[in-house]
Amino acid sequence: MTKRAVIHVENTEKLVEFAEFLVSDGWTILSANKTEEILKKQKIPVTKESALSENNIFMADTSKLIRRVMLTKYHEEDETYLSHPDEEENNIYIICMNVLPSINTAIVSKQFDNQLCPKNFFITTLLRNAFRNYENLLILTDPDDYKEAMIQIRTGSISKDFRTYLAAKALNLVSAYDAGLSASILQSSKVNEQFMNYMMIPFKKELPLHCGMNAQQAAFLYKSPSEEGSVGNFLKYQGKDLPYTLVNDISYAWRQINTLFTLLKNQPTVKSTNSDGYEFTTQFTPLTGTVFSLAVKFGTILGASHATNVLDSFKATFTYDSVMTTDTVFACSAVINTEAAEEIVKGNFAAIVAPSFTTEAKQILSKNKKTKLVPSFKVTNIELDLRFINGGLLVQTKDSTLFNQWKVRTKNRPSQIQTDEMVFGMLLVMGARSYSAVLLKQNSICGIAQGCTSEKRAIDGVLFESMKFQEYAKGVYSDKLGISHDIDTSNLGEVLVCDGAIPFCESTKKLIDSGVKAVLQTGGTSTDDAFIDYCNEHGVVMVFTGMTHLSF
């Protein structure tokens, strides 16, 4: 009696090997479309099944195939494939089908108004119905299961547990496909349902990691179908020895680079008001052609800068000191060239993330075997931030609006150079763990504090970090946690930016006394007036945004 297997797959991994096995074991393969073409090209006999055809407009064909699958019976007592003589056609014992779940937010554009149901939708319909008869079928949706299926078929010992496992994976695939389709419609620009009733986005298991954040934790990398982000080419080049922390830092660094580049490549403007109420528009210099650099470790920014070329941008980062680059991720918005690679290789970086690397740069950087080279050129389009909590999921829209307004609270306005540097600083603290503050000089970080419990502690922290940075820069290292008295604190930094409201305190005074000439903050404390007076007395400009950029 004929044993039949339906094979219709979008993921064609290991397809030919599995099909060849079935044919050699006496099976008849039913297929159509791309799968049929691949198998016929490999000289594998295939019977065309009209119900699997993409242009099948008659549901009767699909219904007939579903009925055959539903009526298939497997008689376990003699461990062979049998069917009732009156049900000769109901002998489809293997359903090997899969689809690739995706999110396509253009699906409800005018050209798709009458085509919301994709051509491959019948695959999930078949899989869902096959699930109801899982005790009599082998439902294969993952190429990784083909090998075990072949072993159990060859030995005639297909276990109930294996059937149940495969059926559950099939249902998991169906739910992921449905989730992707529904998200494509609900989160499209036409519908714009940002918060769906059920938060379901089809993330796919992609890469096992060496360990979690700690050695005793297991971890896996999941990727959203149709999304690249920092894991696109990354998955093609990396092995399985990656720890959770490194993957997280790579993703974070690349997201920050893209945020900087996206928001500053054009010439943004913001409505502004002088201290006397006069309204005007502040323009920021477009930074098209500018190279952004960022150094990250454990989700914390160690340094950042921008310049006209890769080498200068790299040199201006806070982590140029080779001692501080250990296990750090360095990200750059431009192609890493030979000149830059010769300097970067002197540091002990865990990974270098950039759009690409020249051939010479790859050869130079390969001298450090521990450094991962991660070519990344796309960023995710998912506009939501998600965080798992005990028993639930917190979801919010991404923080992508830099400013709604500027209120110049001092007598003097910031210069164009100060304006652009304040924007750069706000972009940095916008993605840093809050509360955070950054001190800049010539478009480079010279002090940064992140993850503080208050704005006051962030200001205290940025003062301390900027003084420690001066120690490193001058080659003076104190043995204690305090600051050496052998350093010059007259010019620690020029622009101070905070993601919250800066209180007027001793640390604020010291920063201004140490060279700060411009301050950008939210505003709104009881000490605002005293702070404004102090800035006016010392020729410092200060701008309030009225908008926080907190993140955790």
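Reader: In which loop is Tyr-435 found?

Author: The model is a predicted one. As for its place in the fold, Tyr-435 is found in the loop between H12 and strand S18 (437-440).

Reader: How many aromatic pairs does a search of the whole structure find?

Author: A pair of aromatic rings is described by the distance of the centres and the angle of the planes. Ring pairs link Phe-284, Phe-403 and Trp-406 into a cluster. For the whole structure, the search gives a total of 14 aromatic pairs.

Reader: How many residues apart in sequence are the parts that the pair of Phe-292 and Phe-424 ties together?

Author: Phe-292 belongs to strand S10, residues 291-297. Phe-424 belongs to helix H12, residues 416-431. The pair therefore ties together a strand and a helix, and these parts are apart in sequence by 132 residues.

Reader: Is Phe-298 buried or exposed?

Author: Phe-298 is found in the loop between S10 and strand S11 (300-307). Its phi is near 55 degrees, a positive value in a residue other than glycine. With a relative accessible area of 57%, where over 50% is the cut-off, Phe-298 is therefore exposed.

Reader: What is the phi of Asn-443?

Author: Asn-443 is found in the loop between S18 and strand S19 (445-449). At 23% relative accessibility, Asn-443 counts as partly exposed. Although Asn-443 is not a glycine, its phi is positive, at about 60 degrees.

Reader: Over the ring of which residue does the charged end of Arg-413 sit?

Author: Lys-205 lies over the face of Phe-220, at 5.1 Å from the ring centre. The charged end of Arg-413 is 3.5 Å from the centre of the ring over which it sits, and that ring belongs to Phe-280.

Methods. Residues are numbered from 1 along each chain as its sequence is written. This is a predicted model: local features need pLDDT of at least 70, side-chain atom pairs count only at pLDDT 80 or more; totals for chains, interfaces and linings use all residues. Side-chain values use heavy atoms; hydrogens and water are left out. Rings of Phe, Tyr and Trp (its six-membered ring) pair if their centres lie within 6.5 Å; planes under 30 degrees apart count as stacked, over 60 as edge-to-face and the rest as tilted. Helices (H or I, at least four residues) and strands (E, at least two) are DSSP runs, numbered from the N terminus. A charge sits over a ring if NZ of Lys or CZ of Arg is within 6 Å of the ring centre and within 35 degrees of the ring normal. Buried means under 20% relative accessible area, exposed over 50%, partly exposed in between (1.4 Å probe, protein chains only).
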